[in-house]
There are 2 protein chains.
Amino acid sequence: MNLLPVLEPVTDTSCCPRAGGAALGAHEAKQQALVFKALADPNRLRLLSIIKAAPTGSTCVCDLTEPLDLGQPTVSHHLKVLVEAGLLHREKRGTWAYFSLAPGALDRAASLLANL
Amino acid sequence: MNLLPVLEPVTDTSCCPRAGGAALGAHEAKQQALVFKALADPNRLRLLSIIKAAPTGSTCVCDLTEPLDLGQPTVSHHLKVLVEAGLLHREKRGTWAYFSLAPGALDRAASLLANL
């Protein structure tokens, strides 16, 4: 499940325009709330920040446990939530998984607020 | 408790710059997560959307129960969460409370994502 891509057609006015000035519908609101729920955790925000700051653009899961002082199962859970919300991209390389920001995902999440 | 104003000095680089490229700190992340937690509910997103779309800029609590098909105690709870997160402003006029978007609050919440 990848929530941000699911959101795109819903917020694309060529697809499903909202009536002028009408408030956010129940379905859209439910989808958008899932993105903010993924962001509503300090450790997930820190993971996004660390991955965003990575010089190569991607970070091995093996390098994400120490900065947060969390166990790998906990880090893996948070990363899974962020991938499912469409905020991170996961790539397997040999033994390890590498994570990068899903292109444009943070901008799209920010635009949800601008277009409320 | 008003979370967004609390966030401002923390994210103001004139106050507490982050080291170049350093990831979000634990304290900042905790504060920011509270804002996203306030946004992580479909009914709260719809309330923000309805209030944002109000022609006068503010909406009586008495006009917010019907569009969401929720009871007034539930709506009042959600509004309180949004006020405490610094997203809404509450003004008492006679019997009723009126709610308006806190100026710049949605932009500041969006900028948290840009500055992760």
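Predicted model: local features only at pLDDT ≥ 70, side-chain atom pairs only at ≥ 80, totals over all residues.
Local features need pLDDT of at least 70 and side-chain atom pairs count only at pLDDT 80 or more, while totals for chains, interfaces and linings use all residues. Residues are numbered from 1 along each chain as its sequence is written.

Two disulfides (cysteine sulfur atoms within 2.5 Å) occur over all chains. In chain A, Cys60(A) is joined to Cys62(A), with an S to S distance of 2.3 Å. The torsion about this S-S bond is about 130°, so the link is right-handed. Cys62(A) is partly exposed at 30%. In chain B, Cys60(B) is joined to Cys62(B), S to S 2.2 Å. This link is right-handed, with 130° about the S-S bond. Cys60(B) is buried at 3%, and Cys62(B) is partly exposed at 31%.

At the interface, 30 residues of chain A contact 30 residues of chain B (heavy atoms within 4.5 Å). The buried area (accessible area, 1.4 Å probe, lost on putting the two parts together, summed over both) is about 2300 Å². Carbon and sulfur atoms give 73% of it. Leu45(A), Leu113(A) and Leu116(A) supply 25% of the area that chain A buries against chain B, more than any other three residues. Zero salt bridges (a Lys or Arg side-chain nitrogen within 4 Å of an Asp or Glu carboxyl oxygen) are found across the interface.

Note on methods. Chains lettered and ligands numbered in written order. Heavy atoms only, no water. Buried < 20%, exposed > 50% of the residue type's maximum accessible area, 1.4 Å probe, protein only.
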